[in-house]
Amino acid sequence: MTKTFITRVAAFAGAMLLSFSALAAGGGDLQHAGTDLSDRASLQRGSQLFMNYCAGCHSLKYLRYSRMAEDLGLSEEEVMSNLNLTGAKFGEHIVSAMPAEQASRWFGQVPPDLSLVSRVRGSDWVYTYMKSFYLDETRPLGWNNTLFPNASMPNPFWKQQGLQHAVYAEQAEGGGDPVVERLEISSPGTQSAAEFDQTVRDLTAFLEYAGEPAALKRQGLGVWVILFLSFLTLLAWLMKNEYWRDVH
């Protein structure tokens, strides 16, 4: 148990360091994700998006399929038939099927586990990152990212979003590297801008949930806690009035 705790602390600390360097590199100009963990339909869509577009490379090693099913209102059959693409057992953690050695050879490094990405970097960061890919022929995979420059992954949602190009700001003579002023869609995708925003929001909401699954139950308990405290306050007020009535 001690070894597991130390491993989790080390992973969290490493993710923190990576997040700070990423924000410094990307400038921290974030868009509001607008996620809603009480929207179960959004979380269910997000889980499907993650499994179909992200789980081939990335894991959620702190989340079990069975826990996800319970929290998102899914049956074991639905999870095992539609969301489990690796052949794992229902009670096992969500781990990518990609061998680490091959991933390192193909991408230059093993794709990171995303269990804590939302907790460490924030949902707005995840949302903005997924919308900030653009074509860049200078990169090995042909893609770059304005929030996280020189990211080592392609845009997994390019078909939905369309092909996005960078528009560079004018540089003064003797200036440094060109600065991306904005991004423009040069070839439309299968979704409108509003539809794609919702797609990314659903995925972001799921990753936010995956980072702290207990948050869903805590929200539900919060209502009952407030009701209990309100009832307790009423009782205390009635007791106070009864006590001071005898005193006077």
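A: Start with contact: two residues are in contact when heavy atoms lie within 4.5 Å. Leaving aside neighbours within four places in sequence, M68 is in contact with S47, M51, L63, V79, L83, I94, F206 and Y209. This is a predicted model, in which local features need pLDDT of at least 70, side-chain atom pairs count only at pLDDT 80 or more, and totals for chains, interfaces and linings use all residues. Residues are numbered from 1 along each chain as its sequence is written, and side-chain values use heavy atoms, with hydrogens and water left out.

Q: What makes a run of residues a helix or a strand, and how many are there in the protein?
A: Both are DSSP runs, numbered from the N terminus: helices are H or I with at least four residues, strands are E with at least two. The protein has 10 helices and six strands.

Q: Why is S47 called buried?
A: Buried means under 20% relative accessible area, exposed over 50%, and partly exposed in between (1.4 Å probe, protein chains only). S47 has a relative accessible area of 1%, so S47 is buried. S47 lies in helix 2. Beyond its neighbours within four places in sequence, S47 is in contact with M68, L72, L83 and F206.

Q: Why does S59 count as buried?
A: The relative accessibility of S59 is 14%, so S59 counts as buried. S59 sits in the loop between helix 2 and strand 1. A polar atom of the S59 side chain lies 2.7 Å from the backbone nitrogen of S96.

Q: Why is A103 called buried?
A: A103 has a relative accessible area of 1%, so A103 is buried. A103 belongs to helix 5 (residues 100-107). The C-alpha atoms of A103 and C57 are 7.7 Å apart, although the two residues are 46 residues apart along the chain.

Q: How do you know that helix 7 is mostly covered?
A: Seven of the eight residues of helix 7 are buried. They are S123, W125, V126, Y127, T128, Y129 and M130.

Q: What makes a nonpolar core, and which residues touch the most other members of the largest one?
A: A nonpolar core is a set of buried Ala, Val, Leu, Ile, Met, Phe, Trp, Tyr and Cys residues joined through side-chain atoms within 4.5 Å. The largest has 41 residues, of which F50, L60, M68 and Y209 touch the most other members. Elements that give two or more residues to this core include helix 2 (40-53), helix 3 (65-72) and helix 10 (214-247). Helix 9 supplies the largest share, eight residues.

Q: How do you know that contacts in the protein join residues at least 24 apart?
A: Among contacts between residues at least 6 apart in sequence, 67% join residues at least 24 apart.

Q: What share of the 248 residues is buried?
A: Buried residues make up 32% of the 248 residues in the protein.

Notes. A polar contact is a pair of N or O atoms within 3.5 Å; within protein, one must be able to donate a hydrogen and the other to accept it, and residues adjacent in sequence count only if both atoms are side-chain atoms.
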